[in-house]
Amino acid sequence: MSRVYNFSAGPAVLPEEVLKEAQEELMDYRGCGMSVMEMSHRSSVFQQIIDEAEADLRELMNIPSEYRVLFLQGGASLQFAMIPMNLMKNRVADYIVTGQWAKKAYQEAQKFGKANKIASSEDKTFSYIPDCSDLPVSPDADYVYICENNTIYGTKFKELPNTKGKLLVSDVSSCFLSEPVDVSKYGIIYGGVQKNIGPAGMVIAIIREDLITEDVLPGTPTMMAYKTHADAGSMYNTPNCWSIYMCGKVFRWLKRMGGLSVMKEKNEEKAKILYDYLDSSRLFRGTVVPKDRSLMNVPFVTGDKELDAKFVKEAKAAGLENLKGHRTVGGMRASIYNAMPKEGVEALVAFMKKFEEENL
């Protein structure tokens, strides 16, 4: 069977080149006689894998030397608790709620102190990004938190909020490495890798060194302190070796592709093909305010649930997989991450045009 075009929001499409490389090394990694899935994380071979992965990520993102890169488990959802446990010194934090995951992070933070919702787009089903140029930032807030790209709702912060001097913490799970970022603008920038980087089971957290201290909330488990992982080079316990290895391959692939500036251009080109069609279609429509549209996740609807279901079913039969929208919003969603080729988006639009002709 030939490979389908996989529009899944995560776990998501990986570059074929990377999958083939991993396939070639699956039984015997570079002559060591075993798979990366079998080797000790304490071996010199694996140490080289993790060191190279970090070095390549630092180069791709131009990460300043005063930031640490941590390869952690528990996904982005565990960070919802780790962030307040490590940063909430005053027991106050401000949250901008622009989707399901920011909302969950905000709810989790309430367990550790006073979490203030200082802006939200829930009034219009998270279909836009609120104006964040002059927010009521709390004078004693330890940080301001955002989810930069909202996977479910297809919105993206095009400008970072004005935090009025407070630390910015950002979940970038679904836009990680899709475009250049200025890491120095963040206290913590983190994301689950299963959307735009690698296989599921890991989160990468990039944390400014001065935020990694022993001064955490009382009762914080050892595994929940950033210092535990920073001091141990992300190997306090057995890390997700396979995911680190695969992410390292994706980092090298991105470098071969020309880096993040080139990826941004490619992503803009792909997204434009789909958005231009949605804006001209008589059957389909996008659900996001145009200025806040994500390059990575594109939700759309026909306005008829039965027709939406028919579209998803027929698209699957045509080799266009995982187009069903998130259960909380319905409709359709095309996730067009870095590894989705332009041909995949063109195939989707061609199918949508055909479906429109047959169903109007």
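Modeller: With 360 residues, a compact globule would have a radius of gyration near 21 Å, and the protein has 21 Å, which agrees. That radius is taken over C-alpha atoms, and the globule rule is 2.2 Å times the number of residues to the power 0.38. This is a predicted model: local features need pLDDT of at least 70, side-chain atom pairs count only at pLDDT 80 or more, and totals for chains, interfaces and linings use all residues. Residues are numbered from 1 along each chain as its sequence is written, and side-chain values use heavy atoms, with hydrogens and water left out.

Biologist: How many helices and strands does the protein have?

Modeller: Helices (H or I, at least four residues) and strands (E, at least two) are DSSP runs, numbered from the N terminus. Here there are nine helices and 14 strands.

Biologist: What percentage of the residues is buried?

Modeller: Buried means under 20% relative accessible area (1.4 Å probe, protein chains only). Buried residues make up 57% of the 360.

Biologist: Which residues of α9 are buried?

Modeller: They are Gly344, Val345, Leu348, Val349, Phe351, Met352, Phe355, Glu356 and Asn359. These residues cover an arc of only 165° around the axis, which puts them on the same side of α9. The arc is that of the directions from the helix axis to the C-beta atoms.

Biologist: What covers the buried residues of α9?

Modeller: Contact means heavy atoms within 4.5 Å. The cover includes α7 (260–280) and α8 (305–317), together with the strands β1 (5–6), β12 (297–301), β13 (320–321) and β14 (332–335).

How values were computed: Buried < 20%, exposed > 50% of the residue type's maximum accessible area, 1.4 Å probe, protein only.
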